[in-house]
Amino acid sequence: MPEPLQALVLKHRELLKFAVVGGTAFLVDNAVFYGLKLTILEPKPVTAKIIAVLVATIVSYVLNREWSFRTRGGRERRHEAALFFLVSGVGLVLSSAPLWISRYVFRLETPDVSLVTQEIADFMSAQIIGTLIAMVFRFWAFRKWVFPDELLRPTDPAGASGQR
């Protein structure tokens, strides 16, 4: 890798790891959302979205804690997890709001619009707009409150054992 690019990657490695975890969570979110929306929760897309975000959030916590922000933290695991899920709860509202607005304010649902229009509106509002808004908020909030710089995670074996 060229030196300038390597320096840039190293400087922003935490953001890049967060993006990879986010991409993985995005795929999980989409799989669960469409799996539910196109089957048992067809008439309830917002419920399907909420369940999908919850599943993706669990995946995100594990990957972010163990990879993206592994050098940060220092809190008891219960406290860290509680903050993570609180921040993610706000993210859930932020990611679901555009779908709710699309469906119930703008009425972009059948029979008011075609099925194709409804599905495009659902994808754009839930999976693109909602995800981007929640992603920006989560990255900022995770760094500020959940995995703050000041509380570096211990790297010695004694501190890494049952202390969390």
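In this predicted model, helix α2, which covers residues 13–37, packs against helix α5, which covers residues 115–146, at an angle of about 145°, and the axes of the two helices lie 11 Å apart. These two values are given together because two packed helices are described by the angle between their axes and the distance between the axes. The crossing that α2 and α5 make is right-handed. On the side of α2, the residues that make the contact include Phe18, Phe26, Asp29, Phe33 and Lys37, while those on the side of α5 include Asp122, Ala126, Met135, Arg138, Phe139 and Phe142.

The chain has 6 helices and 0 strands, and reading along the sequence gives the pattern α-α-α-α-α-α. If we take the contacts between residues at least 6 apart in sequence, 75% of them join residues that are at least 24 apart. Of the 164 residues in the chain, 37% count as buried, and the chain exposes about 9500 Å², of which carbon and sulfur atoms supply 71%.

The next topic is the interior. In soluble globular proteins, nonpolar side chains tend to be buried together. In this model, the largest nonpolar core has 12 residues in all, among them Phe18, Tyr61, Phe84, Phe139, Phe142 and Phe147. Helices α4 (77–105) and α5 each supply at least two residues of this core, and the largest share, 5 residues, comes from α5. Another core, of 8 residues, lies apart from it and includes Phe33, Leu36, Ala52 and Ala126. Looking back at the helix pair, we find that Phe18 and Phe33 of α2 both take part in the contact with α5, and that Phe18 belongs to the largest core, whereas Phe33 belongs to the other one.

Val53 is found in helix α3, which covers residues 45–68. Is Val53 buried or exposed? Its relative accessible area is 4%, and because buried means under 20%, Val53 counts as buried. Leaving aside residues up to four places away in sequence, Val53 touches Asp29, Leu92, Ser95 and Arg138, and two of these, Asp29 of α2 and Arg138 of α5, also take part in the contact between those helices. Val53 and Val93 are 40 residues apart in sequence, and their C-alpha atoms are 9.8 Å apart in space.

Notes:
Residues are numbered from 1 along each chain as its sequence is written. This is a predicted model: local features need pLDDT of at least 70, side-chain atom pairs count only at pLDDT 80 or more; totals for chains, interfaces and linings use all residues. Side-chain values use heavy atoms; hydrogens and water are left out. Axes are lines fitted to C-alpha atoms, for helices over the stretch in contact, and angles run from 0 to 180 degrees between N-to-C directions. Helices (H or I, at least four residues) and strands (E, at least two) are DSSP runs, numbered from the N terminus. A crossing is left-handed if the near helix is turned anticlockwise from the far one by less than a right angle, and right-handed if clockwise. Contact means heavy atoms within 4.5 Å. Buried means under 20% relative accessible area, exposed over 50%, partly exposed in between (1.4 Å probe, protein chains only). Accessible areas come from the Shrake-Rupley method with a 1.4 Å probe; for residues, only the protein chains shown count as cover. A nonpolar core is a set of buried Ala, Val, Leu, Ile, Met, Phe, Trp, Tyr and Cys residues joined through side-chain atoms within 4.5 Å.
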